[in-house]
Amino acid sequence: MVNLIFLGKFGDLAPTHLSKVALPGDVRTLADLKHWLTRQQPLLGQAMAATTTRLILNQCVAHDLSLPVSDGDEIAFLPPMSGG
């Protein structure tokens, strides 16, 4: 099981059942996770594809989407911030 956190507009699009999920065996990296989410929730996938999405893996910004995803990880999806 992994904990998924969707912030900002992503939180509005992601159903609550995605907060804690068992990932299929073919989801091994952060890139795999993004592709899997796009297949599961097309609107969320479209929103992530339309903007720069930062992934936070266990409270550290992930600059490399080939990083592995492991049981117990916390992954946050952060859209660009706006404001002044």
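Is Phe-77 buried or exposed? Phe-77 is buried, with a relative accessible area of 0%. Here, buried means under 20% relative accessible area, exposed over 50%, and partly exposed in between (1.4 Å probe, protein chains only). The model is predicted: local features need pLDDT of at least 70, side-chain atom pairs count only at pLDDT 80 or more, and totals for chains, interfaces and linings use all residues. Residues are numbered from 1 along each chain as its sequence is written, and side-chain values use heavy atoms, with hydrogens and water left out.

The sheet comes next. Helices (H or I, at least four residues) and strands (E, at least two) are DSSP runs, numbered from the N terminus. Two strands pair if DSSP finds at least two bridges between them. Five strands form an open sheet with mixed pairing, in the order β2-β1-β5-β3-β4. Strands β2 (20–21) and β4 (60–62) are at the edges; each has a single partner strand, so one side of each lacks a neighbour in the sheet. Helix α2 packs on the sheet and touches β1, β2, β3, β4 and β5. Contact means heavy atoms within 4.5 Å. The direction of α2 makes about 65° with that of β5. Axes are lines fitted to C-alpha atoms, for helices over the stretch in contact, and angles run from 0 to 180 degrees between N-to-C directions.

Strands of a sheet pair through backbone hydrogen bonds, either parallel or antiparallel. Strand β5 (residues 74–78) pairs with β1 (residues 2–6) in the parallel sense, over four bridges. Four bridges also join β5 to β3 (residues 54–57), and these two strands run antiparallel. Ile-75 in β5 is the bridge partner of Leu-4. Ile-75 is also the bridge partner of Leu-57. Arg-54 stands opposite Leu-78 in β5.

The structure holds one aromatic pair. The ring centres of Phe-6 and Phe-77 are 5.0 Å apart and the planes lie at 10°, so the pair is stacked. Rings of Phe, Tyr and Trp (its six-membered ring) pair if their centres lie within 6.5 Å; planes under 30 degrees apart count as stacked, over 60 as edge-to-face and the rest as tilted. The pair links distant parts of the chain, with Phe-6 in strand β1 and Phe-77 in strand β5, 71 residues apart. Phe-6 counts as buried at 12% relative accessibility.

Leu-33 belongs to helix α2. Leu-33 is buried, with a relative accessible area of 0%. Beyond residues up to four places away in sequence, Leu-33 touches Leu-4, Leu-23, Val-27, Ile-75 and Phe-77.

In helix α3 (42–49), Leu-44, Gly-45, Ala-47 and Met-48 are buried. Seen down the axis of α3, the buried residues fall within an arc of 160°, so they line one face of the helix. The arc is that of the directions from the helix axis to the C-beta atoms. Exposed residues Leu-43, Gln-46 and Ala-49 sit on the face turned away from the buried side of α3. Cover for the buried residues of α3 includes β1, α1 (9–13), α2 (30–40) and β5.

Thr-53 lies in the loop between α3 and β3. Thr-53 counts as buried at 14% relative accessibility. A polar atom of the Thr-53 side chain lies 3.1 Å from the backbone oxygen of Met-48. Not counting residues up to four places away in sequence, Thr-53 touches Phe-10, Lys-34, Met-48, Phe-77 and Leu-78.

Key. Polar contact = N/O pair within 3.5 Å; in protein donor to acceptor, adjacent residues only side chain to side chain.
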